[in-house]
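This briefing covers a few local features of one protein model. Please look over the sequence and the structure first.

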Amino acid sequence: DALPRWDLAVLYPALESPEFAAGFADVVDRIAALGDLFDAEGVGAGPPQPLDEALVARFDRIVVALNATLEAVAVMTAYLSGLVTTDSRDETAQARFSELHERGVSLTKLMVRWDAWVGRLDVSGLIARSPVAAAHGFALRKAQIAARHQMPAAEEALAAELGPAGGTAWSKLYDNVTSQLLVELEVDGERRRLPMSEVRNLAMSPRRDVRQRAYRAELAAWSDWATPLAAALNGVKGQTVVLSQRRGWVEPLDAALFVNNVDRSTLEAMIAAARDAFPDLRRYLKAKAAALGLPALAWWDLFAPVGEGGRSWEWDAAVAFLDDRFGAFSVRLRDLLRRAVAERWIDAGPRPGKTGGAYCMRLRDGESRILHNFTPGYDGVSTLAHELGHAYHNLNETGLAPLQRETPMTLAETASTFCETIVREAALADADRAGQRFILEQSLQGSCQIVVDIVSRFDFERAVFAKRREREVTVSELCALMERAQTETYGDGLDPATYHQFMWAAKGHYYIDNYAFYNFPYLFGLLFGLGLYARYRADPTGFQTAYDALLASTGQSDAADLAARWGIDLRDKAFWESSLDVIRADVDRFVALVGEG
């Protein structure tokens, strides 16, 4: 049977429909009306304003209008994004999405004015006098910090206006090129042209010759397209460097930490603990090589299955398994899965023009959409659980205004990691020894990617930013920086002659406009989620209520304060080590199972 495709018609019956035209016009009108309101109410930079009843009333009106506009834009963005990420060749959708980006420039400028205005308010006094302000307290304090990192108003306006022709355009170029890129590859004796997403999925083939051919073909394709992709990367990172400097950040990493609601002490403790765990993950890689009968693991063996899973992981079996295991945790989580399937939230199959990987996006209140490139193996099940975790997080934010639910990526990975762990533990409990070895290895694949590969990406991006301050970075330099980062992380766990020098081209995260360091939050999410799961196992009573409350508040507190509610000190390396101990235990168990044959 064909894999399911998602339904976006719940918003608009079609892109060419009168309903869509009316909805798009409404978004445009809302942005314009918000601008008029800001003008009338004097929202923007200026001298401090006295806190009186008139100001409180003005503030309340402005916040209501701002949230309503942000919500309308978010829904329209989700709809158009859903169209272009499943078919980048849809020129009409691309055109309307581009038009929305252009209209969004006005909203970006209004948000700059909002931050500047909040920056000159007595926020503490306002919170004491306005229930609306009290409900938005964290967002207001974040806005005050953002205000201290603003360029002059005219420069911020210019940056917003140039965005669609700058970083956004480079990001769009990357997405369009990579989603439409066809790779020549021999499959079962026949030369075929496959989408890059399908070629990368062949890394999970049980046949080593298929994996190696796919790897070689992938690298050849990236090499052919390296020049425009390097230009896109230099464009995105160059803009980030300039804007970070002009806004008074020491380096782009500081801005990324602010966006993610974590501080440098937390990051340093977490990264240091991860580096200490590299020898254990390399033990896993060597044990995997032994299990595959290889003297050393090559890059194209990273995602190779070890043995058989012992059961079917086709789509229907995957959904049934998740239904059972999610239900064991909570009826609410199981019902979310059932709703996602019944209401066609999931676009599961790879196809030409569809972006690779997987993601979950909020469509509207309590409702999400999940893009997946499902493969019939444990990894496909685990990834589906991960994205459904994001949908569950969105569900717990139902009823919150946009300014209240601005969850940073660090905390956005909490529920996804938790759901992945539920699946792993349940699959292990059901499996025989061969199945346990298979599942443990599949789980360790993911852990290795997040602990080892994510740190390599983090190191690479810092090195790129350092060079980009001086000049553009060449293709050969990007490849050299990537290989160096892989050497320092994977070490002797892999055959160094097979490192993936074009991983900078393969990972779309580097090309996201206005978002640097789309990497370390994954590490945070994994380890924080493992820490929470350990607390669930130790004391399940009352956990779900507290857990749901945590997910509902991830946009309303910094990470350290949220963690403190669970007795966790994120600045203490010991917490991160304790979560990594869970992975070390999996390595020990896997090594033992490999030794037993």
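Strands E4 and E5 form a hairpin with 2 residues between them, and Gly 366 in the turn has a positive phi of about 75°. This is a predicted model, in which local features need pLDDT of at least 70, side-chain atom pairs count only at pLDDT 80 or more, and totals for chains, interfaces and linings use all residues. Residues are numbered from 1 along each chain as its sequence is written, and side-chain values use heavy atoms, leaving out hydrogens and water.

**Hairpin**
- E4 (residues 359-364) pairs with E5 (residues 367-371) in the antiparallel sense over 5 bridges; pairing requires at least two bridges found by DSSP.
- Strands (E, at least two residues) and helices (H or I, at least four) are DSSP runs, numbered from the N terminus.
- Opposite Arg 362 stands Ser 368 in E5.

**Helix pair**
- H15 (residues 315-329) and H16 (residues 331-342) pack at an angle of about 155°, with their axes 6 Å apart; axes are lines fitted to C-alpha atoms over the stretch in contact, and angles run from 0 to 180 degrees between N-to-C directions.
- Therefore H15 is roughly antiparallel to H16, a label for angles over 145 degrees.

**Asp 548**
- Asp 548 lies in helix H24 (residues 543-552).
- Not counting residues up to four places away in sequence, Asp 548 touches Arg 332, Tyr 392 and Asn 396, where contact means heavy atoms within 4.5 Å.

How values were computed
Angles under 35 degrees count as roughly parallel, over 145 as roughly antiparallel, 65 to 115 as roughly perpendicular and the rest as oblique.
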